[in-house]
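Dear colleague,

Please find below the structure that I am handing over to you. My findings follow it, and I would be grateful if you read them with the model open.

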Amino acid sequence: MRSGAPFDVLVVGSGAAGLAAAVSAERSGARVGIATKTTLQACNSAKAQGGIQAAFGEDDSPEIHAEDVMRSSHETANPGLVEVMTSEAPPAIHWLEELGVEFTRSNGGYRLARCGGATRHRLLQVGDRTGHAITKALRDSYEAGVGAELPHHALRALASSDGGWIASFETKEGPVDVETATVVLAAGGRCFAEAETRGELSTNHPNATGEVTRIALDAGAETRDLDALQYHPNGGAWPSTMQGYSIPETTRAYGAVLLNADGDEFTDSLGPRDAVSQAIFDEVEKGEGVLTPDGRPAVWLDTTRITPEDAEISLPYMLRRYRGAGIDPLSEPIYTYPVLHYQNGGLVIDEHAETTLEGVFACGEIAGGTHGRNRMMGNSLLECAVFGRRAGKAAAGKAQL
Ligand SMILES: Cc1cc2nc3c(=O)[nH]c(=O)nc-3n(C[C@H](O)[C@H](O)[C@H](O)COP(=O)(O)OP(=O)(O)OC[C@H]3O[C@@H](n4cnc5c(N)ncnc54)[C@H](O)[C@@H]3O)c2cc1C
């Protein structure tokens, strides 16, 4: 039976996970609202460049994908969640295509790259604006329906009520309480705030501040691996306009390698993210790194090994950004250093994305378990699509019981 609340499903956050949940809840017949801190467009998801993993290669399978995830996580991921994510990856890609995402194709199939920690070519791309393409398609789809939009609603508290949950927001007009049968928390991670505290650079959007995780904790939710933050191995280190930019991992998938001051390859450039970042930190610590013109530590990413054809198809945005800043990555190597990027852990969820609080669901970067303590590239957008869809459907189902 529906509660008397205005919404069956209230989604908090408008990145890929929140939008996927909102679209899926609406398609399940629920009365949906999506509340978000600033505009619907503002999120980390839209900044994602590299791509999204799904086992489409002839030599690949969801089981091999799952093995790669478990190994990259150092066996810390939740195998049940991993199985859901990898087995639902191909259908999630087809769902995104139905909504209008056009993945880059070559030779009659998807253009698949091999990303760090993967044993197969599995990374689908939309040029190097994959996150932008996915969020736009999801947003267009949600906006074509009848769901409500609550921009400039920053969640401040969550409390249970007779009919479900009351979400308290700060808005431009002051505090507002919204009643809902179920909630989907999709407010992302905290790496922007964490980097500010540490005095470091981050790839993240300024809205990635993590207070919704704390709100859920205050309401009694459980978390896991919250201390496990991920460095992106390849932050831009120079020129200054590229500092904090995440150089797509697909540069390395298409042949770029990491070099020290002597021009030696000091690590497997396609190793798991934590291993590659640590190798760079160690190389610099040993005095084998280089200094940027403004004195920052760095190593070289030799992007001159990427063919112009691969660069044009899969790295056009990155090329434009660097060339605009006066550096051509196809003619000279670029400075790079790890940069704070991703919150690996988060709220504990089950296979339907429900947290340990009944009627409160979580998906995307705010949730923990799918990546354990070390995420592979391309599995975050995938997690958003798979568990966002699941969360929306399950929340709608619970609200309509
Ligand atoms: C530069 C960059 C490149 C990346 N590249 C890739 C890639 O190639 N492949 C991949 O798989 N992953 C990539 N990632 C990671 C991936 O994009 C993100 O982890 C993922 O998109 C997170 O999605 P999300 O929906 O959980 O959160 P977000 O997209 O961060 O969205 C969170 C939403 O919650 C809102 N919000 C925050 N706090 C509140 C609040 N208090 N109240 C209301 N709303 C709130 C925010 O405004 C935002 O709308 C990249 C990340 C970055 C930053």
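**Findings: salt bridges and ligand**

Lys-398 is partly exposed, with a relative accessible area of 26%. Please bear in mind throughout that the model is predicted. The side chain of Lys-398 takes part in a salt bridge with Glu-354, in which the closest N and O atoms are 2.9 Å apart. Lys-398 belongs to helix α12, while Glu-354 lies in the loop between β17 and β18 (360-362), so the pair ties together parts that are 44 residues apart in sequence. Because buried means under 20% relative accessible area, Glu-354, at 12%, is buried.

Salt bridges that share partners also join Asp-60, Asp-68, Arg-71 and Arg-122 into one network. In general, side chains of opposite charge can pair when their charged atoms come close. A search of the whole structure finds 25 salt bridges. Two further examples follow.

- Glu-88 and Arg-390 meet through their side chains at 2.5 Å, N to O. This pair links distant parts of the chain, 302 residues apart: Glu-88 is in the loop between α3 (79-87) and α4 (89-98), and Arg-390 is in helix α12. Glu-88 is partly exposed, with a relative accessible area of 24%.
- Asp-310 forms a salt bridge with Arg-111, and their closest N and O atoms are 2.8 Å apart. Here, too, distant parts of the chain are linked: Asp-310 sits in helix α10 (residues 308-314) and Arg-111 in the loop between β5 (109-110) and β6 (123-124), 199 residues apart. Both Asp-310 and Arg-111 are buried.

Helix α12 leads on to the ligand. Which element supplies the largest share of the shell around the ligand? That element is α12, with four residues. Other elements that each supply at least two residues include α1 (16-27), β8 (154-161), α7 (211-218) and β16 (334-343). There are 40 residues around the ligand, and Ala-42, Ser-45, Glu-211, Glu-365 and Ser-380 come nearest. The shell divides into 15 nonpolar, 20 polar and five charged residues.

For Glu-365, an N or O atom of the side chain is 2.6 Å from a ligand oxygen. For Ser-380, a polar side-chain atom lies 2.8 Å from a ligand oxygen, and for Thr-36 the distance to an N or O atom of the side chain is 3.2 Å. Taken alone, the ligand exposes 1,000 Å², and the protein buries 97% of that.

Strand β8 runs antiparallel to β9 (residues 164-171), joined by seven bridges. The two strands form a hairpin with two residues between them, and Ala-154 stands opposite Glu-170 in β9.

Is strand β16 largely enclosed or open to the outside? Nine of its 10 residues are buried, so β16 is largely enclosed by the rest of the structure. Strand β12 (residues 229-236) pairs with β16 in the antiparallel sense over six bridges, with Gln-343 as the bridge partner of Leu-229. Strand β15 (residues 297-302) is also antiparallel to β16, over three bridges, and Trp-300 stands opposite Tyr-335.

Finally, an open sheet of three strands has the order β11-β17-β19, with mixed pairing. Its edge strands, β11 (223-224) and β19 (367-368), each pair on one side only.

Yours sincerely

Methods. Residues are numbered from 1 along each chain as its sequence is written. This is a predicted model: local features need pLDDT of at least 70, side-chain atom pairs count only at pLDDT 80 or more; totals for chains, interfaces and linings use all residues. Side-chain values use heavy atoms; hydrogens and water are left out. A residue is near a molecule or strand if one of its heavy atoms lies within 4 Å of it. A polar contact is a pair of N or O atoms within 3.5 Å; within protein, one must be able to donate a hydrogen and the other to accept it, and residues adjacent in sequence count only if both atoms are side-chain atoms. Accessible areas come from the Shrake-Rupley method with a 1.4 Å probe; for residues, only the protein chains shown count as cover. Ala, Val, Leu, Ile, Met, Phe, Trp, Tyr, Cys and Pro count as nonpolar, Asp, Glu, Lys and Arg as charged, and the others, Gly among them, as polar. Two strands pair if DSSP finds at least two bridges between them. Buried means under 20% relative accessible area, exposed over 50%, partly exposed in between (1.4 Å probe, protein chains only). A salt bridge is a side-chain nitrogen of Lys or Arg within 4 Å of a carboxyl oxygen of Asp or Glu.
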